[in-house]
Amino acid sequence: MVTRVALGTVFMVATLMIVSFTAIDEPARMAQFESGYHGRSVEAGAALYANNCATCHGPDGKGIAGRAPALNAADLYNGTRFREMGWGGTTHDYVYGAIAGGRPRASAAYAEYPQRMPTWSRDFGGPLRPDQVNNIVDFVMNWEETALLEVVAEKPSDFVAVGLDLKDPVLPAGDVARGEKLTQTYGCVACHMNPDMNAAPGPGWPAKYYSSGVSIAERAATRFTAADYTGKATSAEEYLRESIVQTNVYVVAPYAANIMPVIYGEQMAAQDLADVIAYLQTIK
Amino acid sequence: MALFKLHVPILDDIKTKGWRSALVTTVDQTVERITAGINVGEIRSILRGEAPKRPNPRVKPHADGFWMHMRPTFFHEQVMSLYPTFRLGWLTTYMLVFETITGLFLMLWYTPSPDIAYTNMLSLLSNVPFGLFMRDLHRLGAELMVMLVLLHMLRTFVTGSYKKPRQFTWFTGGVLLLLTMFLSFSGYLLPWDQLALWAVTIGASMAEATPVVGREVNLLVRGGADIGANGLLRFYLLHVFALPLIAFIFVGVHYYKVIIHGHSLPPGAEKVGEDTARKVPMERRLYFLPDVMTRELFWTVGWLALMVFMVTWGGWHAPLEPHADSQITPLHTTAPWYFLWLQGLLKLGDKVFFGVILPGILSGLLFVMPYLEVGPSRRYADRRIGLSIAALTIVIMSVLTFMGTPYYGVSSSPDQEVLTTLAPQTHPGLLRGTAYDELPVGEWVASGWNNAPSQGLQAVLELYNREIERYSDQLLNAKGKMSITEIQAGLKQVTMQVEWEDNGAHASEPVTVYLHRDSDYEH
């Protein structure tokens with residue numbers, strides 16, 4: 001009996017020790033399961049995408065002209081597209097809603113796509129279970145990283161920040177098309193291309209998105225001569241450069257200072273800044 | 001005269017005997033109340049290993065207490081060694097209680113609805129501390145319980161313990177065997193994964209073949225033509241309520257019969273035709289307190305330690321397949337292992353005869369066997385025919401179980417077999433288990449496995465090549481192609497296709513597998 005009691009006690013202590021070790025590892029195990037499950041969800045989504053979505057949105061998500069817009073594109077992830085639709089939530093929920101419910105009619109901004117997006121979730125009469133819709137969302141959201149990075153490849157090792165000065169260095173000639181893409185990569189469009197101009201935290205660029213109906217190109221051309229101007233710019237280019245790198249020097253009412261971060265002088269190369277300025281000057 | 005009188009005896013004791021003595025008496029009395037008859041002095045005597053006084057004061061809890069009154073005061077020492085019981089009955093009872101407790105924990109996180117059951121599984125595993133641990137223990141316990149019940153039955157047959165007067169005990173044991181199998185089987189459906197849906201679909205279609213009532217019973221259990229929300233709810237209620245309730249009642253009946261007839265002694269211990277289990281001589285008695293209880297606790301704790309070890313460091317985990325999908329039938333779905341023999345029988349021919357009538361007759365015979373086999377001797381030497389039949393049954397059951405697996409008599413095209421081995425639909429398999437970085441982008445062929453640039457790819461292609469060679473008589477000049485591309489950051493697409501010649505060129509349906517960097521199938 002003594003042997004049994006002793007051995008039983010050893011078993012009990014061993015069990016408790018194993019359970020304690022398991023307890024220590026539980027948070028890490030749960031986190032690992034979560035990321036593992038997300039990976040499997042992306043895999044399942046890839047198969048569903050290939051079977052159901054690729055015919056219209058393209059196998060690489062680049063969209064097919066006249067059929068369906070691109071999903072593997074920066075404007076889906078930086079907020080431009082869903083703001084244009086008047087959506088106030090996250091990109092993830094926007095994508096989920098679009099897949100689950102479909103689009104009753106093509107959006108005005110995408111008039112070139114006459115087909116309507118079908119309803120996919122069983123919740124609204126579609127063919128897929130909600131968890132399958134979630135798988136597709138996980139797959140689509142997996143493009144986010146590369147779609148946003150695609151416009152500007154990784155900063156080269158010889159990257160030199162343009163800095164805060166208005167004249168030094170002298171900017172090279174700007175590329176309008178690249179500048180337009182950069183405004184999406186840097187997320188400028190989230191505040192400055194917002195159709196709801198009363199809610200937007202920053203002034204809209206196109207004339208139709210600005211209260212006085214004047215575009216950013218025209219504003220830049222005249223503002224630095226205004227009586228209340230507090231900056232140092234002496235040309236439209238310098239005014240735009242100052243607005244980007246030294247955001248708080250001159251803020252026009254009703255917008256507030258410290259909303260736009262003072263980071264772009266450190267993040268942009270001279271070429272980036274020149275491209276964006278060139279693009280801004282073409283906006284009407 | 002007071003209507004309400006408060007009397008605190010310890011105050012009187014303190015007055016008359018003093019603090020120390022009064023306290024000792026009170027503690028002693030309290031312990032005696034809790035243990036229903038054993039005081040501190042006796043506990044100390046038990047712990048010291050002293051023999052009991054005469055008359056034995058340690059039998060009092062059996063007379064006074066509820067829990068102990070269900071247990072005999074003493075056993076014959078010959079039934080208390082490992083042989084002849086092997087503790088199988090005790091461990092099975094322990095598993096029933098163990099499953100109830102772990103099952104209650106799992107119920108906290110579970111909703112019996114197809115919309116959310118699988119999501120519940122995922123959140124149990126990703127957000128509940130010890131969620132995996134509890135699920136693994138519950139599932140492991142279920143498998144072990146079926147094994148223990150079967151072994152217990154085998155042991156009872158081998159030692160001849162089913163013979164008169166214990167026929168009815170055997171009968172109730174048969175009921176408990178069926179209940180255990182259906183408890184385990186009904187739990188299969190609840191996670192609502194592919195394994196669940198298809199195992200139960202197979203089981204239900206077997207039962208459907210029952211003449212006259214098959215369709216009706218099936219409709220009642222499934223709540224519809226296919227298993228859906230109604231079927232899940234019904235299986236859930238069977239699993240957590242109806243079957244356990246019946247099982248507990250039958251455990252009561254079974255154990256009552258065991259006690260009333262006494263544990264049968266080893267076959268050689270008594271004369272042929274005698275049953276002396278109830279007449280235990282004084283000197284051969286092993287009292288429940290403390291000897292039997294110590295042994296039972298020892299086995300309980302040891303068994304628990306084994307199970308906890310298996311689900312943690314042992315790496316045993318309950319399977320969880322993808323979400324149930326009635327549109328996708330995985331290649332090679334099987335019934336649970338304890339029903340594989342049925343699946344094997346079904347491959348022999350007619351669904352009604354081999355799936356229902358024959359198993360029905362066999363299990364019927366199992367129940368009434370003690371009433372038919374009435375040979376008086378329990379000795380092994382006198383039961384050569386019976387024991388041979390038992391051995392033969394085990395062999396036949398093993399063969400049928402093998403025949404139930406996909407390795408026997410399943411005709412699918414060899415090219416699909418090859419590709420399914422690499423990327424099975426029922427478990428991760430070698431390809432998914434290979435690390436993401438070990439699968440380089442490019443076009444590969446199975447026969448060139450030796451030149452593959454990474455070890456992981458080499459192993460995958462080698463298996464691919466081996467599987468193709470296995471079917472070389474059907475797949476002539478076969479070429480196993482594998483194309484790996486990276487379609488997103490951290491997501492690879494692996495497409496496999498087998499090409500072969502047989503009166504012209506053939507190519508299999510391509511099989512595509514997606515692999516994410518984080519998906520972590522190895523764990």
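This is a predicted model: local features need pLDDT of at least 70, side-chain atom pairs count only at pLDDT 80 or more; totals for chains, interfaces and linings use all residues.

Is A:Arg129 buried or exposed, and what is its relative accessible area?

Tutor: A:Arg129 is buried, with a relative accessible area of 10%. Its side chain meets that of A:Asp131 in a salt bridge, with 2.9 Å from N to O. A:Asp131 has a relative accessible area of 22% and is therefore classed as partly exposed, since the buried class ends under 20%. A:Arg129 also has a partner in the other chain: its side chain and that of B:Asp325 form a salt bridge at 3.6 Å, N to O. Both distances can be held against the cut-off, which asks for a nitrogen of Lys or Arg within 4 Å of a carboxyl oxygen. Through shared partners, A:Arg129, A:Asp131 and B:Asp325 are joined by salt bridges into one network.

Chain B contributes 40 residues to the contact and chain A contributes 36 residues. The size of an interface is often given as the accessible area lost when the parts come together. Here chain B and chain A bury about 3,400 Å² between them, and 66% of that area is on carbon and sulfur atoms. Across this interface the rule finds one salt bridge, and B:Asp325 with A:Arg129 is a salt bridge between these chains.

Within chain A, the domain assignment gives domain 1 (42-150) and domain 2 (176-280). The C-alpha centres of these two domains of chain A lie 31 Å apart. Their contact draws seven residues from domain 1 of chain A and six residues from domain 2 of chain A. Between them, domain 1 and domain 2 of chain A bury about 590 Å², with 57% of it on carbon and sulfur atoms. The count of salt bridges between domain 1 and domain 2 of chain A is zero.

The structure holds 22 salt bridges over all chains. One of them joins the side chains of B:Glu42 and B:Arg58, at 2.8 Å from N to O. This pair links distant parts of the chain: B:Glu42 belongs to helix α3 (residues 40-47) of chain B, while B:Arg58 is in the loop between α3 and α4 (60-64) of chain B, 16 residues apart. B:Glu42 is buried at a relative accessible area of 6%, and B:Arg58 is buried at 4%.

A further salt bridge is formed by B:Lys163 and B:Glu373, whose closest N and O atoms are 2.8 Å apart. B:Lys163 lies in the loop between α9 (131-158) and α10 (167-189) of chain B, and B:Glu373 in the loop between α16 (351-372) and α17 (384-404) of chain B, so this pair ties together parts that are 210 residues apart in sequence. B:Lys163 is buried, with a relative accessible area of 6%, whereas B:Glu373 is partly exposed, with a relative accessible area of 30%.

Aromatic rings complete the picture. A search of the whole structure finds 28 aromatic pairs over all chains. A:Trp205 and A:Tyr279 form an edge-to-face pair, 6.4 Å centre to centre with 80° between the planes. The pair links distant parts of chain A, with A:Trp205 in the loop between α9 (189-192) and α10 (216-223) and A:Tyr279 in helix α13 (residues 270-280), 74 residues apart. A:Trp205 and A:Tyr279 are both buried. In chain B, one aromatic cluster is formed by B:Phe182, B:Phe185, B:Tyr188, B:Trp337, B:Tyr338 and B:Phe339.

Rings in chain B also meet charged groups. The charged end of B:Arg383 sits over the ring of B:Phe157, 5.5 Å from its centre. The domain assignment of chain B gives domain 1 (9-63), domain 2 (82-267 + 287-404) and domain 3 (414-516). Taken over C-alpha atoms, the centres of domain 1 and domain 3 of chain B are separated by 75 Å.

Key:
Residues are numbered from 1 along each chain as its sequence is written. Chains are lettered from A and ligands numbered from 1 in the order in which they are written. Side-chain values use heavy atoms; hydrogens and water are left out. Rings of Phe, Tyr and Trp (its six-membered ring) pair if their centres lie within 6.5 Å; planes under 30 degrees apart count as stacked, over 60 as edge-to-face and the rest as tilted. Helices (H or I, at least four residues) and strands (E, at least two) are DSSP runs, numbered from the N terminus. Buried means under 20% relative accessible area, exposed over 50%, partly exposed in between (1.4 Å probe, protein chains only). A charge sits over a ring if NZ of Lys or CZ of Arg is within 6 Å of the ring centre and within 35 degrees of the ring normal. Domain bounds come from an automatic or database domain assignment. Contact means heavy atoms within 4.5 Å. Buried area is the accessible area (1.4 Å probe) that two parts lose on being put together, summed over both.
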